[in-house]
Amino acid sequence: MASFDLIIKNGQIVTEDAIVQGDIAIKNGKIAAVGNSLEGNADKVIDAKGLHILPGLIDTHVHFNEPGRTEWEGLETGSRSLAAGGVTSFVDMPLNSTPPTINKKNLDLKKSLAEEKSIVNPYFWGGLVPENIDDLKELHENGVLGFKAFMSPSGIADFSNVDDETIFKGMNEITSVGSFLAVHAESTVICDQLAQKKQKEGKTSARDFVESRPIISEIEAVRRILSYAEATGCRLHIVHASSRKVVEIIEEAKQRGVNITVETCPHYLSLTVKDLEEKGGLAKCCPPLRDEEEVEDLWVAVANGEIDVIASDHSPAPASMKKIEGNFFEGWGGISGAQSTLNILLTEGYFKRNIPLEKIVALTATNPAKLFGLSNKGTIAAGYDADLAIVNLDESFELKEEDLFYRHQHSPYVGMTFKGKVKTTIVNGEIVFDNGHITKELTNA
Ligand SMILES: NC(=O)N[C@H]1NC(=O)NC1=O
Ligand SMILES: [Zn+2]
Ligand SMILES: [Zn+2]
């Protein structure tokens, strides 16, 4: 008789194609078999009757800030928060850590820290900045999944935004090494000019801040980078589109054959300018939150298959930097939310707007795996890595600060009631989170 390390019995197994009841057998970190009434011995059996089993989420957009800015977050606390949210892999952004991931030396440093401290699978973005075109090839050869650039100032001194010439040269180089470019697309000129005018007039409310970074600024930047992509043939990924109006431009480009994809984030699907006014700095991010109609429209884009990836853009900072008294142009822009991605998509998407679970799986696991070349991940089938989230869709809970595993226990989602709770998270066949607790001890910590 076959022998396995773990069998999960009678769960509702969700893939991008279907939901079927069955068993999952795991051996040596891989899914060995999926089927009905699987026979075999196992060291451990989980009864998943009444529970849903999803491919572990792949969060392709986090800033864990290690090395160099671990007082904001870190690979250990960041990865623990992901485990608690059913996320089994992440792709860490090249900035907010110091040094930023813009050459092999800095990548090696981050890799070794992640090896030591992360309890989920770590992957990395490389940065594209005006100074490092000559480093891109080596970064690619050393395993970065793609490259990230900022079209407007990043807020971080050692990660410059790209000028148009760098974009063009960078795209040529990225294409020739066989990788792709992700961009933070906001217009420097539009945002800077509007911000200056507002502040000169003493207009510094939450609404003023939002109006200084309008949707048209995203549209301008996306149109410009699209032209460069079409001129160079470089594959392009637009991160954190805040509005369907941005998504539409990308959709048109897809229709004419441009190799482009788009990400949005849970905060653009669940929070509005009103929340920014009420919650203050905790809900400040760039691009900023939009109005309610935009949120609804973005859900239409999700339902229509116009979005490729949903990722958290977890970009936390200490509470002191998120506290805004008066001037909304001050204080850190970045949402602390990586632990709640699935909760938001289930509550706001599946339960409230009838978004199928299969689609949520596609956006958070299957598409990211395909687009980022993680060929053993993103679905539940024999031969794939045993990265799984076991979820109780019947359980509701109110998110409390003490539930958060981040370095700083704050988030704009605290106080919200979510339906659908992550019960168990499995990474490479190992249970790392179970019933509210992290169960993986770091051997070398
Ligand atoms: N540097 C950084 O993390 N910036 C992020 N924060 C945010 O709100 N948008 C971003 O791009
Ligand atoms: Zn960004
Ligand atoms: Zn980001």
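1. Ala365 is buried, with a relative accessible area of 0%. Buried here means under 20% relative accessible area, exposed means over 50%, and partly exposed lies in between (1.4 Å probe, protein chains only). The model is predicted: local features need pLDDT of at least 70, side-chain atom pairs count only at pLDDT 80 or more, and totals for chains, interfaces and linings use all residues. Residues are numbered from 1 along each chain as its sequence is written, chains are lettered from A and ligands numbered from 1 in the order in which they are written, and side-chain values use heavy atoms, with hydrogens and water left out.

2. Ala365 belongs to helix H13 (residues 357–371). Helices (H or I, at least four residues) and strands (E, at least two) are DSSP runs, numbered from the N terminus. Setting aside residues up to four places away in sequence, Ala365 touches Pro55, Gly56, Ile58 and Gly378. Contact means heavy atoms within 4.5 Å. Ile310 is 55 residues from Ala365 in sequence, yet 9.1 Å away in space, C-alpha to C-alpha.

3. Helix H12 (residues 341–353) has a buried run: Thr341, Leu342, Asn343, Ile344, Leu345, Leu346, Thr347, Glu348 and Gly349.

4. Ser212 sits in the loop between helix H6 (206–211) and helix H7 (215–232). Ser212 is buried, at 2% relative accessible area. Its side chain reaches the backbone oxygen of Phe209 at 2.7 Å. That is a polar contact: a pair of N or O atoms within 3.5 Å; within protein, one must be able to donate a hydrogen and the other to accept it, and residues adjacent in sequence count only if both atoms are side-chain atoms. Beyond residues up to four places away in sequence, Ser212 touches Ile190, Cys191, Leu194, Ala195, Lys198 and Phe329.

5. Ligand 1 is surrounded by 14 residues, the closest being Asn96, His184, Cys286, Ser315 and Gly333. The cut-off is a heavy atom within 4 Å. Oxygen atoms of ligand 1 lie 2.8 Å from a polar side-chain atom of Asn96 and 2.9 Å from one of His184. A polar backbone atom of Gly334 is 3.4 Å from an oxygen atom of ligand 1. The protein covers 97% of the 300 Å² of accessible area that ligand 1 has on its own. Areas come from the Shrake-Rupley method with a 1.4 Å probe; for residues, only the protein chains shown count as cover.
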